[in-house]
Amino acid sequence: MKPIRFFVVKVPKAVNDTIEIAGQEMYLDTRFNEFAHRAFEGEVVGVPQRYKTGVSVGDTLYFHHHVLLGGNHMVYGNQQFNETKHKRGQFIFEDKDLYYVGWDGGYDPHSCQAYAYKSKETGEVRLLGHWIFLVPAKQEDELSSKVLELVQNKKSYNQYGYVRYPSDRLEELGLKPGDKVFIQKNADYEMEIDGEKLYRVLLSHIYAQVQE
């Protein structure tokens with residue numbers, strides 16, 4: 001398959017609805033926390049011919065959750081109809097588990113649903129466009145004191161993270177893997193990349209590099 005402007009990926013399961021306990025695979029009812037169980041990766045079966053991405057057929061692509069749980073299902077407007085007769089998501093062939101992933105060459109980060117890919121040849125993860133991934137860092141607490149009282153408030157959001165993967169755009173900012181950065185409030189989004197829990201962050205949401 002040779003798509004013109006999109007990636008095409010094969011994803012057998014749109015949600016991770018099983019868990020292994022004591023060597024036994026058990027089913028999870030994801031209706032109660034669907035967002036936390038969405039799949040974010042798939043095998044590449046088609047790359048956009050219009051752009052040079054470095055991605056090859058057979059690589060693993062990491063992408064936005066709307067690819068699998070948004071898109072085409074909105075057209076029907078009937079939730080019961082969707083659940084019983086149609087898969088949700090930006091599917092091309094619903095019976096073959098093929099979905100399209102939006103890509104515009106990496107110019108507009110909000111139009112690019114592909115974030116990174118892992119090479120089937122080298123196992124190396126490489127970033128796409130303006131999105132990066134951070135390793136969670138220990139968050140600083142807010143401290144306030146009174147004469148006889150000390151109040152410690154833990155942050156309810158992440159302020160800091162360590163750059164995980166390199167990219168040309170990060171190099172332009174003088175950043176490299178391992179650097180600690182200060183990010184915009186609520187800019188982080190947890191994803192599992194190559195078996196590691198990381199935070200997806202837009203480059204423009206990095207406020208500063210933190211010197212340790």
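Val57 is partly exposed, at 47% relative accessibility. Here, partly exposed lies between buried (under 20% relative accessible area) and exposed (over 50%), with a 1.4 Å probe and protein chains only. The model is predicted: local features need pLDDT of at least 70, side-chain atom pairs count only at pLDDT 80 or more, and totals for chains, interfaces and linings use all residues. Residues are numbered from 1 along each chain as its sequence is written, and side-chain values use heavy atoms, leaving out hydrogens and water.

Val57 sits in the loop between strand 4 (41-46) and strand 5 (60-63). Strands are DSSP runs of E, at least two residues, numbered from the N terminus. Leaving aside residues up to four places away in sequence, Val57 touches Val44, Val45, Gly46, Val47 and Lys120. Contact means heavy atoms within 4.5 Å.

A salt bridge places a side-chain nitrogen of Lys or Arg within 4 Å of a carboxyl oxygen of Asp or Glu. Lys120 is partly exposed at 45%, whereas Glu121 is exposed at 64%.

The whole structure holds five salt bridges. One of them joins Asp194 to Lys118, with the closest N and O atoms 2.9 Å apart. This pair links distant parts of the chain, 76 residues apart: Asp194 lies in the loop between strand 15 (189-193) and strand 16 (196-202), and Lys118 in strand 8 (residues 114-118). Asp194 is partly exposed at 41%. Lys118 is partly exposed at 22%.

Methods: Helices (H or I, at least four residues) and strands (E, at least two) are DSSP runs, numbered from the N terminus.
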